[in-house]
Amino acid sequence: MKDDTATTTELIQNQHQKGNQEMCRATEVVSTVERVVDMSSPVMSQDELNLIPPLNFAMVDNGIFRSGFPDSANFSFLQTLRLRAIIYLCPEPYPEANNEFLKSNGIKLFQFGIEGYKEPFVNIPQDTIREALKTLLDVRNHPVLIHCKRGKHRTGCLVGCLRKLQRWCLSSIFDEYQRFAAAKARVSDQRFMELFDISSLKHLPMSFSCLKR
């Protein structure tokens, strides 16, 4: 009986030791996996944390971007776009800090001053939009950023007229406009885009995306 009891005790001790070894191995594996996950987690540099896009920033097409008015907090982000030109749709003079940024980065400024009218006193000049479109379609100016004050109405109208040239249907043009204008969407802007005559611009080359929507 004593021998049987001793054997049973040894078996229990061996199983207990084996169980502890398995637990240790499992713990080691888990710890290794955790270390691998931690090592693979991306670490954001201070420069990357400082990349702040302007209000309402988005890509319109290859080499074409849109936004609200950029300020000094957005300059580092804009440098990553390697812009050649900015199309500015407000009549006010460009701020000195922004002008200095353009000069130091070799960016051309094209200003097409459109007053920020509100309904019902609306007067969006077709000729100005047409000239802005010619500048926008010139690939020598790409990459290019279009902006007004908030990147909603004036910028939205110019982009909407570009979409007409790209043969988007009106419902898709209006959907895009409303996405940026949101609660500030204006019926007059949409009417302007609907009635805008693109016939004098159809001869201009369009080497970027021309997909129908």
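This is a predicted model: local features need pLDDT of at least 70, side-chain atom pairs count only at pLDDT 80 or more; totals for chains, interfaces and linings use all residues.
**Exercise 1.** Classify the ring pair of phenylalanine 69 and tyrosine 88, then say which parts of the chain the pair ties together.

*Solution.* Step one is distance: the ring centres are 5.4 Å apart, and the cut-off for a pair is within 6.5 Å. Step two is the angle: the planes sit at 80°, so this pair is edge-to-face. Step three is location: phenylalanine 69 belongs to the loop between β2 (64-67) and α3 (75-81), while tyrosine 88 is in strand β3 (residues 85-88), so the pair links parts 19 residues apart in sequence. The structure has 7 aromatic pairs.

**Exercise 2.** Find the ring that the charged end of arginine 66 sits over.

*Solution.* Look at phenylalanine 180: the charged end of arginine 66 is 3.8 Å from the centre of that ring.

**Exercise 3.** Describe the backbone at asparagine 56, alanine 182 and proline 143.

*Solution.* Take asparagine 56, in the loop between α2 (46-49) and β1 (58-61): its phi is positive, near 60°, though the residue isn't glycine. Next, alanine 182, in the loop between α7 (170-181) and α8 (187-195), also isn't a glycine and has a positive phi of about 50°. Finally, the peptide bond from histidine 142 to proline 143 is cis, with omega near 0°.

Technical notes
Residues are numbered from 1 along each chain as its sequence is written. Side-chain values use heavy atoms; hydrogens and water are left out. Rings of Phe, Tyr and Trp (its six-membered ring) pair if their centres lie within 6.5 Å; planes under 30 degrees apart count as stacked, over 60 as edge-to-face and the rest as tilted. Helices (H or I, at least four residues) and strands (E, at least two) are DSSP runs, numbered from the N terminus. A charge sits over a ring if NZ of Lys or CZ of Arg is within 6 Å of the ring centre and within 35 degrees of the ring normal.
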